[in-house]
Amino acid sequence: MPRAMLSLLLLFLCFVFLSCTGKQAGRAEELYTKKCLNCHSSSIICLHLGKDKEYWDETVSRMLHKNNQQVSSEVVAMIVDFLSQSQPGAEQVCQRTGSQS
Ligand code: HEC
């Protein structure tokens, strides 16, 4: 395969990959807004940003059990990733309110 075509192909793959991860992030944010801001504001969550995945794994599961929400492990994992990867003070977590969805 000519080199130019190969680099075009690589460029294309990068693009596909980037747009997918972008969508995933948007979805996680949406799930977070829907599942986590019904009972309390985002500020209580914001306070704990910077903690590790283990903390969020335990906390998200505990929170969702409070009102017996049936949530797939995939959804839990997305929220856990979203929160454990957000920096302290992150806008996408701290500036959210339950009315936005
Ligand atoms: C059914 C209501 C409810 C939902 C839904 C809920 N929480 Fe909570 N959350 C609470 C209550 C009540 C507290 C106060 C402490 C407690 O009772 O555990 C709390 C406290 C917290 C705390 C403070 C630290 C702690 O361990 O107490 C964090 C962080 C938190 N919630 C995160 C979340 C996240 C993330 C979600 C979404 C996955 C979520 N909550 C969804 C009711 C809820």
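A residue is buried if 20 or more other C-beta atoms lie within 10 Å of its own, exposed if 12 or fewer, and partly exposed in between, with C-beta atoms placed from the backbone. With 14 C-beta neighbours inside 10 Å, Lys-51 therefore counts as partly exposed. This is a predicted model, in which local features need pLDDT of at least 70 and side-chain atom pairs count only at pLDDT 80 or more, while totals for chains, interfaces and linings use all residues. Residues are numbered from 1 along each chain as its sequence is written.

**Overall fold**

- The protein chain has five helices and zero strands; helices (H or I, at least four residues) and strands (E, at least two) are DSSP runs, numbered from the N terminus.
- Along the sequence the pattern is α-α-α-α-α.
- The radius of gyration of the protein chain is 17 Å, well over the 13 Å that the globule rule gives for 101 residues, so the chain is more spread out than a compact globule. The radius is taken over C-alpha atoms, and the globule rule is 2.2 Å times the number of residues to the power 0.38.
- Taken along the principal axes, the box filled by the C-alpha atoms is roughly 60 × 30 × 25 Å.
- Of the 101 residues in the protein chain, 14% are buried.
- Among contacts with a separation of 6 or more, 81% join residues 24 or more positions apart. Two residues are in contact if their C-beta atoms, placed from the backbone, lie within 7 Å.

**Confidence**

- The average pLDDT of the protein chain is 89, and 95% of the residues score at least 70; pLDDT is the predictor's confidence in each residue, from 0 to 100.
- Confidence is lowest in α1, at a mean of 84, and highest in α2, at 97.

**Nonpolar core**

- The largest nonpolar core has 12 residues in all, among them Tyr-32, Trp-56, Ile-79 and Phe-82. Such a core is a set of buried Ala, Val, Leu, Ile, Met, Phe, Trp, Tyr and Cys residues joined through C-beta atoms within 7 Å.
- α1, α3 and α4 each supply at least two residues of this core, and the largest share, five residues, comes from α4.
- Ile-79, in helix α4, counts as buried, with 24 C-beta neighbours inside 10 Å.
- Leaving aside neighbours within four places in sequence, Ile-79 is in contact with Ala-28, Leu-31, Tyr-32, Lys-35 and Val-60.
- Ile-79 and Lys-35 are 44 residues apart in sequence and 9.1 Å apart in space, C-alpha to C-alpha.

**Around the ligand**

- There are 16 residues around the ligand, of which Cys-36, Cys-39, Met-63, Lys-66 and Asn-67 come nearest. A residue is near a molecule or strand if its C-beta atom, placed from the backbone, lies within 6 Å of it.
- α1 (3–36), α2, α3 and α4 (73–85) each supply at least two residues of this shell; α3 gives the most, with five residues.
- By type, the shell has nine nonpolar, five polar and two charged residues. Ala, Val, Leu, Ile, Met, Phe, Trp, Tyr, Cys and Pro count as nonpolar, Asp, Glu, Lys and Arg as charged, and the others, Gly among them, as polar.

**Two loop residues**

- Lys-51 lies in the loop between α2 (42–46) and α3 (53–66). C-alpha to C-alpha, Lys-51 and Arg-3 are 45 Å apart in space, and 48 residues apart in sequence.
- Asn-68 is placed in the loop between α3 and α4 and is exposed, with 7 other C-beta atoms within 10 Å.
- Most residues other than glycine have a negative phi. Asn-68 has a positive phi of about 50° although it is not a glycine.
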